[in-house]
Amino acid sequence: MDERQKFLEKAAQERAEREHLKLYAAIALDIQAIIRANIARKEFHQKLRSEFDLCFGTEYDVNHTTPTNLDMLKYGFLLPFLSKEPGYITRISIFCRHISSSMDSPSKNHTFAALFLSPQYFKRASRLITKFFDLIPSILAEIDFDQIIHAKAATSMVTFLVVLTSPSNWALLKANPSLLPVVTNFCNKFSSSFLTPEPMKCFHTFLLKAMKRGKSSSDIINAIVTIIFRVVQQNNTLENEKTELLVKYVYTCPGIVLALNPNAYSLLKTIKTLEALITYFNSNPKLVDSLNVVETLNVLANFINISFRENDILIENLLEWTHIINNFFARIQSSNPKHSKKQHWHPILGWISEGINLNNQDANVIVRQQLQYFWSKKMVKCLFGKVLGSIEGNQSAAVEQHEVEKLSKDLIQRLMKHLTVKEQPRYDSHLGPVSLTAVVCQMYRNALLTFTTIHVDIISGLCQDDSVLTQLWTYISNSKHGISHSLLNLFNADPTASVPHFAPIALFAEIALSLISILDEKELYEEGTPFNMKQIIDISQFVNHFCFKAIWDKAVDFKNEKSNNLFHSLYQLTILLHNKHVRRAFCDNPNFWHARDVRSSLIVGEFEKRTERGLLLMEKMPHLIPLKERLVLFRKLVSADKASLEKLITVATISRNSIIEDGFRMFSTLSPTELKAGLRVKFVNQQGLEEAGIDQDGVFKEFLELTVKGIFDPELNLFKLYWKNAWKICL
């Protein structure tokens, strides 16, 4: 390698070293800049914290002097720079508390409201409040109520939102009421962004946390709901988009309606929530499917709670309302884990296939309390009382009303006018039109099938007023061709029993079974509660005849769940009434419970042929056959059984030296049929020879006597004697 080549390589190496030095210098400058910026940022944050704490005080300094409104404006824009600093939520809450309290001051230097009236500071003040209204929902979602500081911070921030959306309570505006409309108009703009998905999600998270605390968070919950309803009230109408947000993020909170105070609920009523919900659920039935089963249950409970308090609107929209309730029940029933391996227990829904949050079990108590409104006396009377009676045209059949809240004539007229323009669901012409009573009964029937764990509570609620049961029976018995005939025709038209036409009878059977089973003889036979003797006889005749015809004519599909449940309810009522009659007869006719349309000999013949209907009738309803014929059949069966067992007699050889051991060994291996066929015994004496003689039950009797005597022998140690007022034997 020559000198020239060495020189070039050295120059290239030196050039590369210079480039590296420049790079190192640039990196060092960048690091220095970052460190300086970090130090400056820390110094700024430290200075800002010190100045803020000096001006606004700490969370422990409640009596700190109120800062001026210009200080609030200055530090309000600087406060978000401390978002990653410890104590950020506390300082935000202190700032919100001072602004809220300043609104009660008439001083123009201290009240923040004065900045809204100042041309110089109006835009900056409005921008600051808008910024905090966008910031607070996300902070509330991060609140941990287990920390006292966080709980106090939540109260301060929620109070801030309430005060800033209520300019009528500001001291400065009370002295200048002419400015109130203008200020109210731009204050409404602060909260206009709340009815969007992101803030509503944050409010939903915050409400769920607050609901877990119970009554201690009642004020905060009402404040948040009031703020949301005020935003809705600004537009005077509750559109579908806003209704969807309320359903997803407010009404999915368990028991939220029950927690509202009168002021918050008056806002809910002002914005016509129930009408909006009915309209929305009818036009958007798929929303219910998009919710999980627990959220669906919470929405249903809140919807029922509102409907209970607004029963006038409920009656005016009865058909749509029942359709919505049935959709909720269908969604909940779809979570049944019949085809799912994963099962979760819910105290209201029972076993469900969807996962649930086990950390909020206290909410189930509130939800159950809301659901009870559905079968409360007021709701049941509202749906089964004078309104439905007037629609069905059965005013003459209505029973005497007790002291309950009566519906006005004006409401009934509005309901009648409303229903004339509604289109009822159309079924096959031979089924006939669906009555409103059938629609309501179908809804309660679905409730019984949905809430199996609280089935007894629902039935008890429907039994509170006896007039419901008597009204149902009056409606059912008002058939032109007889009740059994009409019901069998319905089964011929729809073997699955899925149409609403079956609902009144099914619901009647459930309620009557529950109520009659707890009545004593005085109430049933003497006081005539809830039915008089003629009605009891008519009911017994109907259920007995229907169950017989359903089996005899094979009208019921027992493999179908709904039709089988309907038959089972009527069958249980039949057996209950038959047992009551056997104990104390309520009809003098000795043939009252016997089959009317078919001779008993035909039923016996079917049983002897071992047909399905014959075996089923003999198993479930043997009272259809007179007692004498049943005795003849019994003796005939016993004789046939004996004849078939004559050749199966078992002969056991028993040694007199070991009677108990040989008897146990021989007879323990025999089947029930062999034991029933007959037993004979041959004894073997001490010399090992069989004893002479034929067992004609005498030898077997001796075997039994010796066995009983031997079992109680103290040497076997199977029993022992003890003294308690007398000698007794125990194991």
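Where is the place of Pro-530? Pro-530 sits in the loop between α27 (521–526) and α28 (533–552). Helices here are DSSP runs (H or I, at least four residues), numbered from the N terminus. The peptide bond from Thr-529 to Pro-530 is cis, with omega near -5°.

Some ground rules. This is a predicted model: local features need pLDDT of at least 70, side-chain atom pairs count only at pLDDT 80 or more, and totals for chains, interfaces and linings use all residues. Residues are numbered from 1 along each chain as its sequence is written, and side-chain values use heavy atoms, with hydrogens and water left out.

Next, two loop residues. Lys-272 lies in the loop between α12 (262–270) and α13 (273–283). Lys-272 is not a glycine, yet its phi is positive, about 55°. Arg-610 is in the loop between α30 (600–608) and α31 (612–620). Phi of Arg-610 is positive too, near 65°, and Arg-610 is not a glycine either.

Now exposure. Buried means under 20% relative accessible area, exposed over 50%, partly exposed in between (1.4 Å probe, protein chains only). Lys-272 has a relative accessible area of 53%, so it is exposed. Arg-610 is exposed because its relative accessible area is 53%.

Is Thr-252 buried or exposed? Thr-252 counts as buried, because its relative accessibility is 2%. Thr-252 is in the loop between α11 (240–249) and α12. Leaving aside neighbours within four places in sequence, Thr-252 is in contact (heavy atoms within 4.5 Å) with His-204, Val-247, Leu-291, Glu-295, Asn-298 and Val-299.

Last, Leu-23. Leu-23 is in helix α1 (residues 3–56). Leu-23 has 46% relative accessibility, so it counts as partly exposed.
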